[in-house]
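The sequence and structure are shown first, and the description follows.

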Amino acid sequence: MKKRDTCNIVQAHKRIFEAHRLWHQALDCYFDPEGFRTNINAAIQALRNVTFAIQNAKQNIPNYDTWYPAWQTRLKEDKVMHWLCDARTDIVHKKDLEMYSQATVTVRCYETILKATVEFPPFLSGKSILKYLIDEDIIDCNWGNLDAYAVIERRWIVNDFPEHDILYYLAYGIGQLLLLVKEAHENAQKNIDSCSVVDTLHPLSLDTNSIPKCMCFAEKPMHETMGLSDFIYRQYSIREMSPNQKIDKAMRRRYKKVFSSGVIPTTTDPFEFGEILFRTAKDILKRDGYHINLLFTQSPDLKWTMTSPMFEDQVSKHIFWNDVATRVKADGIISIVFLGECWVGSSEVMRETGLRAAQQPNRKEALTVDIFTSELQSKSLQVLFHKNKLGKIIFDGETRDYDNDMSVGYIKPIADIWIENANIKEDL
């Protein structure tokens, strides 16, 4: 192993890495106001200590007397760096940094119900923000009964620089002082990349704008997602599934002739794809007694991608399908095939009692494949089933084959994007 160069400005170099770690800790505490404040204050102090440490190590920096004054002038003329210097003085001698929090709250089910941008005291939690909006009748408390959820996008702003989140300005400051430290190494004929002082968090490198690459997120607002019925944070998990030779061999061995044509159908036609998938899924359900959720998305080059989402509850389903809609818009997805088990109930019972299929006492279970295309064509295949006393799957009746209404349900946000894209093409 190549021997590393002895660092000529050890303390200054360490302070950069300290600020780097504190920045990431502040990011992790973004929705913990007290934790965020603590790490922001500490990061600003660490940055100011970089220049102090440079001055204390001047005997180790050749040409210091001509080199460093130029950097002092550069930092004083930089509005952001000058502000960071003053902010450190305020934190140490006067008070905490004055910040305010701007939040955009979006309430959704399968579509957006409300979107509002408001300013709140900086140390108000997301739960408190939602309760305030409900108390002020900005959010209808009954929306929780619809399994609606709220997305709270937040920015931490300082009065002197309202254009960006404070984390952006800290990232900028870390980038500028890393350049200073790098030049101090070069003056001593040393390479910072082979320096004896190593960042144990992860390597710190800059993009073309001299912003640390690991901090490029900072121009976008952070968000947290909560159910409106209980103010509990919601999420779903998703597993990327990429068949390979090993998986293909294992699946063929387990299910024998079920996968005679491969794990994923090779056809590019979404309706033929869905029909093959449905037949295969029935065989797997009969073999295993259950079937996982599978989502197949088709890209413009007609290739299929398979993922397996797992939901906590109905709220997490709403979140998932809105996120899929975002992917459809970003990646230009042209077809969707979704396979899963679902409950089937009575629409009459739902009208009379408000109970969804999953809540109805006489509900039945079904295996369903839904097929949707960007041309707004759709088809659903569904078969009811139950387990007998021995736990064996018994299919009840024939497969139902019907068109799906794309103006309602989980496909609506996706259909809206496909309609929007079609209208854009017409205008062109």
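## Basis of the pocket description

A pocket is here an open set of points on a 1 Å grid over the protein atoms alone, with protein on both sides within 12 Å along at least five of seven lines. Its volume is the space filled by probe spheres set on those points. The structure is a predicted model.

## The largest pocket

The volume of the largest pocket is about 1,600 Å³. Its lining comprises 42 residues, and those nearest the centre are Tyr-110, Gln-314, Lys-317, Cys-342 and Trp-343. Two or more lining residues come from each of α9 (314-331), β8 (335-344), α10 (347-353), β9 (364-373) and β10 (378-387).

Strand β8 makes the greatest contribution to this lining, with seven residues. By class, the lining of the largest pocket consists of 18 nonpolar, 16 polar and eight charged residues.

## The second largest pocket

The second largest pocket has a volume of about 630 Å³. It is lined by 24 residues, of which Arg-108, Tyr-149, Asn-322, Asp-323 and Thr-326 are the closest to its centre. The elements that supply two or more residues to this lining are the strands β1 (99-108), β2 (112-120), β3 (149-158) and β4 (222-227), together with the helices α9 and α11 (412-427).

Helix α9 gives the most to the lining of the second largest pocket, with six residues. Helix α9 is also among the elements that give two or more residues to the lining of the largest pocket. The lining of the second largest pocket divides into eight nonpolar, seven polar and nine charged residues.

## Packing of α1 against α6

Helix α1 (residues 10-28) packs with helix α6 (residues 166-187) at an angle of about 160°, and their axes are 10 Å apart. Angles over 145 degrees count as roughly antiparallel, and α1 and α6 are therefore roughly antiparallel to each other. The crossing of α1 past α6 is left-handed.

On the α1 side, the contact involves Ala-12, His-13, Ile-16, Ala-19, His-20, Trp-23, Ala-26 and Leu-27. On the α6 side, the residues are Leu-167, Leu-170, Ala-171, Ile-174, Leu-177, Leu-178, Val-181 and His-185. This contact has 13 nonpolar and three polar residues, with no charged residues.

## Packing of α1 against α2

Helix α1 also packs with helix α2 (residues 33-56), at an angle of about 165° and with the axes 8 Å apart. The angle makes α1 roughly antiparallel to α2, and the two helices cross in a left-handed sense.

From α1, the residues that meet α2 are Gln-11, Ala-12, Arg-15, Ile-16, Glu-18, Ala-19, Leu-22, Gln-25 and Ala-26. Their counterparts in α2 are Phe-36, Asn-39, Ile-40, Ala-42, Ala-43, Ala-46, Leu-47, Asn-49, Val-50, Ala-53 and Ile-54. By class, the contact of α1 with α2 comprises 14 nonpolar, four polar and two charged residues.

## Packing of α2 against α3

Helix α2 packs in turn with helix α3 (residues 64-77) at an angle of about 165°, with their axes 12 Å apart. That angle makes α2 roughly antiparallel to α3. The crossing of α2 and α3 is left-handed.

Here Thr-51, Ile-54 and Gln-55 of α2 meet Tyr-64, Trp-67, Tyr-68, Gln-72 and Leu-75 of α3. The contact of α2 with α3 contains five nonpolar and three polar residues, and no charged residues. Ile-54 is also listed among the α2 residues that meet α1.

Notes
Residues are numbered from 1 along each chain as its sequence is written. This is a predicted model: local features need pLDDT of at least 70, side-chain atom pairs count only at pLDDT 80 or more; totals for chains, interfaces and linings use all residues. Side-chain values use heavy atoms; hydrogens and water are left out. Axes are lines fitted to C-alpha atoms, for helices over the stretch in contact, and angles run from 0 to 180 degrees between N-to-C directions. Helices (H or I, at least four residues) and strands (E, at least two) are DSSP runs, numbered from the N terminus. Angles under 35 degrees count as roughly parallel, over 145 as roughly antiparallel, 65 to 115 as roughly perpendicular and the rest as oblique. A crossing is left-handed if the near helix is turned anticlockwise from the far one by less than a right angle, and right-handed if clockwise. Contact means heavy atoms within 4.5 Å. Ala, Val, Leu, Ile, Met, Phe, Trp, Tyr, Cys and Pro count as nonpolar, Asp, Glu, Lys and Arg as charged, and the others, Gly among them, as polar. On a 1 Å grid over the protein atoms alone, a cavity is a set of points where a 1.4 Å probe fits but cannot get out, and a pocket is an open set with protein on both sides within 12 Å along at least five of seven lines; lining residues have an atom within 4 Å of a point.
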